[in-house]
Amino acid sequence: NARCGVLAYVVGDRLYKLEGNFRHSQSQGKICARGSAGVKLLYDPDRLKYPLKRVGEGLFDRISWDQAFREIGDKLAAIKDQNGPQALAWAFHPDLSELWDRRFMAAFGSPNIFTQATLGRASAQAASRLTLGWEPVSDLKNARYILLFGRNYAESMYYVAATNALMQAKEKGARIVVVDPRLSRMASQ
């Protein structure tokens with residue numbers, strides 16, 4: 001879960017329940033759908049637990065980690081030898097493994113590292129830093145008029161705390177206007 005404080009319940013060595021931690025400052029006892037499904041994901045019989053190598057159409061064989069890393073390394077070396085390091089591009093998710101991703105690409109010698117962040121919060125963060133010198137923090141729960149352009153907090157795994165704050169503002173009488181081309185869950189609220 002991205003920003004949610006959770007309480008994990010374990011019996012023996014097996015996780016059996018995740019729930020929101022009411023003491024967590026952001027999620028305040030709530031977790032998103034991904035967090036709620038965490039136990040199922042952990043024990044899903046189709047979850048990959050070891051490397052698989054494609055041996056035919058829809059067919060895979062289990063291989064060792066050593067073999068997997070060796071084959072990946074050999075294929076990356078071949079790409080570099082045949083086409084140069086710039087032939088490799090890397091797309092990553094900010095915050096998760098960004099430092100490792102950047103170091104890997106620097107060591108490989110490719111400048112082609114990308115992120116989907118321009119579609120998310122990175123543009124707003126950059127604009128705030130460049131114009132204000134800092135990133136403002138919204139006080140949604142005390143706002144009286146909230147205008148959301150294409151923001152769907154109600155269906156995003158990252159914004160459980162913001163959804164809670166919006167609902168608190170609504171309970172206090174705030175007017176929430178959602179501009180969205182579809183009737184999203186946020187718009188329905």
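A residue counts as partly exposed when its relative accessible area lies between the buried limit of under 20% and the exposed limit of over 50%. By this criterion arginine 129, at 45% relative accessibility, is partly exposed in the predicted model described here. Its salt-bridge partner is glutamate 135, with the closest N and O atoms 2.9 Å apart. Glutamate 135 is likewise assigned as partly exposed, its relative accessibility being 34%.

In total, four salt bridges are present in the structure. One of them joins lysine 53 to glutamate 71, with a closest N to O separation of 3.2 Å. Because lysine 53 belongs to strand β3 (residues 52-56) and glutamate 71 to helix α3, this pair ties together parts that are 18 residues apart in sequence. Lysine 53 has a relative accessible area of 33% and is partly exposed; glutamate 71, with 22%, is also partly exposed. A further salt bridge links the side chains of glutamate 98 and arginine 102 at 3.0 Å, N to O. Both residues lie in helix α4, where their spacing of four residues corresponds to about one turn of the helix. Glutamate 98 is partly exposed at 26% relative accessibility, and arginine 102 is partly exposed with a relative accessible area of 41%.

Helix α4 (residues 98-108) contains the buried residues Asp101, Met105 and Phe108. Viewed down the axis of α4, the buried residues fall within an arc of 60 degrees and therefore line one face of the helix. An α-helix has 3.6 residues a turn, so residues three or four places apart point the same way. The buried residues of α4 pack against α3 (65-83), β5 (90-92) and β6 (113-115). On the face turned away from the buried side are the exposed residues Leu99, Trp100, Arg103, Ala106 and Ala107. Leucine 99 is classed as exposed because its relative accessibility is 69%, above the limit of 50%. The C-alpha atom of leucine 99 is separated by 34 Å from that of lysine 141, which is 42 residues away along the chain. Just after α4, glycine 109 adopts a positive phi of about 100 degrees.

A positive phi also occurs at glycine 12, near 65 degrees, in the hairpin of β1 and β2, where two residues lie between the strands. Strands β1 (residues 6-11) and β2 (residues 14-20) pair in the antiparallel sense over six bridges. Within this pairing, valine 11 stands opposite arginine 14 of β2.

The largest nonpolar core comprises ten residues, namely Leu140, Ile146, Leu148, Tyr153, Ala162, Ala165, Leu166, Ala169, Ala174 and Met186. Strand β7 (145-149) and helix α6 each supply at least two residues of this core, and α6 gives the most, with four residues. Another core, of six residues, lies apart from it and includes Leu76, Phe92, Met105 and Phe108. In soluble globular proteins, nonpolar side chains tend to be buried together.

Further contacts involve residues of this region. Leaving aside residues up to four places away in sequence, alanine 174 touches Ala143, Arg144 and Ala169. Threonine 163 lies in helix α6 (residues 160-171) and is buried, with a relative accessible area of 17%. Beyond its neighbours within four places in sequence, threonine 163 is in contact with Tyr153 and Ala154.

Technical notes
Residues numbered from 1 in each chain as written. Predicted model: local features only at pLDDT ≥ 70, side-chain atom pairs only at ≥ 80, totals over all residues. Heavy atoms only, no water. Buried < 20%, exposed > 50% of the residue type's maximum accessible area, 1.4 Å probe, protein only. Contact = heavy atoms within 4.5 Å. Arc of directions from axis to C-beta. Pairing = 2+ DSSP bridges. Core = buried A, V, L, I, M, F, W, Y, C linked by side-chain atoms within 4.5 Å.
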